[in-house]
Amino acid sequence: MKRRAYFIYTVIFGMTIILLSGCGIFKGEQTIEEMDTPPEEASLTNDLDNASEEGAPDEGTEGEEGSDESEGDEQEGTNESIETVERQLYLLDSNGMVVPQTLELPKAESKEVAKQTLQYLVKGGPVTELLPNGFQAVLPSGTEIIGLNLEEDGTLIVDVSKEFAEYRPEDEQKIVQAMTFTLTQFENVKRVKLWINGYEQDVMPVNGTPISNGYSRANGINLTLSESVDLMDSEAVTLYYPAQTQDQFYYVPVTQHIEMNNDDAYQSIVQALVEGPSYDLNLLNVFNSGTELIEEPTYNDGVLTLSFNENVLNSIDTSSISDEVMETLVLTLTEQPGVDAVNITVENVDEVYNEDGVPYSEPVTRDTFVPTGSL
């Protein structure tokens, strides 16, 4: 009996130990897990680990592709967003005359504007892709612009490399004229002085043109002489005459001596324009026959007023004056000292219009047709 009781007791005790042990193991693992690594934190840590170990290569690849696309877009955007500015460059036309052409150049820093403009006058330089048909650059190939210095009196010193001197004698006048007229488009530049490799030049290096006092627009451009004009009673004036190549009009400045009638320079200049250029220049006369001034020109505070008869109009019905006539007058007369704008009136006409029907309600300035500005 005792053995049976002992056996039952032993079995019950053993089963109790087993049950208690099972409960204790489960309970113990759960408690340690909760104390050492909370489920939420463990999950977050695992996600970060997976991102760094598995996700990194994919993100790197995507990042590179994204970078390429971004750089491509940026480059494309840069090309499209390059700022340009209009500059007037004096080039050689097919007749060998020095003429202005307005081209779009990349916008340069203010201190580099004059240097850039000169660089676009060099043969084989950056202007090559921009040259209109029939035009060519004028400065010798390989010429480098070493430096520029603008003095207070408006003299711009231009220092160029020795390659500048590699030109034909017959091109000397064209070169100095092109440089001078290109640089004096900036209103604070009055004249140009030349240095070569840091040495001041008193004469041009090939044919000896004097330049010790600097060269200005007063020295002229495309100089022509007429045997019929008395040099003693005349004055050298730069007149602009239109020329045409294919469908393009451009304006050629020509310095010639004209006789001054009644001491009225403006009237003499207008009369010379109306008469037209010399036949041997291959230039156009755009004024109608019979065009003349009906009153003496008047000048007031920078504005020159010209009063014409109706023959100056290209259409009486629309009271319009041709664009070529207006540009010829304005370009020529604003070359005269103190003339900033030209006002045109016509007898029996209340208001004058351009060819597109836009009224000339204000005096016309030079920058209507060509870019102007300061360095």
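Asp 301 is exposed, with a relative accessible area of 72%. This is a predicted model, and Asp 301 sits in the loop between S9 and strand S10, residues 303-308. Its phi is near 50°, a positive value in a residue other than glycine. Most residues other than glycine have a negative phi.

There is another case to look at. Asn 282 has a positive phi of about 60°, although it is not a glycine. Asn 282 is found in the loop between helix H5, residues 265-275, and strand S9, residues 298-300. Is Asn 282 buried or exposed? Asn 282 is exposed, with a relative accessible area of 54%, and that counts as exposed because the cut-off is over 50%.

The largest nonpolar core has 82 residues. Which of them touch the most other members? They are Phe 164, Leu 306, Leu 329, Leu 333 and Ile 344. Take Leu 306 on the structure above. Leaving aside its neighbours within four places in sequence, Leu 306 is in contact with residues including Val 270, Leu 293 and Pro 297. Leu 329, Leu 333 and Ile 344 are also among the contacts of Leu 306.

Next, the sheet. Four strands form an open sheet in the order S3-S4-S5-S6, with mixed pairing. Strand S3, residues 145-150, and strand S6, residues 199-200, stand at the edges with a single partner strand each, so one side of each has no neighbour in the sheet. S3 runs antiparallel to strand S4, residues 155-160, and five bridges join them.

How many cavities of 30 Å³ or more does a search of the whole structure find? It finds one, and the volume of the largest cavity is about 60 Å³. Its lining includes Val 176, Met 179, Leu 194 and Tyr 215. Helix H4, residues 172-183, and strand S5, residues 191-196, are the elements that give two or more residues to this lining. By class, the lining has seven nonpolar, one polar and one charged residues.

Last, the largest pocket. About 830 Å³ of space lies in it. The pocket is lined by 29 residues, and Thr 184, Arg 217, Thr 334, Glu 335 and Gln 336 lie nearest its centre. Strand S7, residues 234-245, gives the largest share of the lining, four residues. By class, the pocket lining has nine nonpolar, twelve polar and eight charged residues.

Notes: Residues are numbered from 1 along each chain as its sequence is written. This is a predicted model: local features need pLDDT of at least 70, side-chain atom pairs count only at pLDDT 80 or more; totals for chains, interfaces and linings use all residues. Side-chain values use heavy atoms; hydrogens and water are left out. A nonpolar core is a set of buried Ala, Val, Leu, Ile, Met, Phe, Trp, Tyr and Cys residues joined through side-chain atoms within 4.5 Å. Buried means under 20% relative accessible area, exposed over 50%, partly exposed in between (1.4 Å probe, protein chains only). Contact means heavy atoms within 4.5 Å. On a 1 Å grid over the protein atoms alone, a cavity is a set of points where a 1.4 Å probe fits but cannot get out, and a pocket is an open set with protein on both sides within 12 Å along at least five of seven lines; lining residues have an atom within 4 Å of a point. Grid points are joined across faces, edges and corners, and a volume is the space filled by probe spheres set on the points. Ala, Val, Leu, Ile, Met, Phe, Trp, Tyr, Cys and Pro count as nonpolar, Asp, Glu, Lys and Arg as charged, and the others, Gly among them, as polar. Two strands pair if DSSP finds at least two bridges between them.
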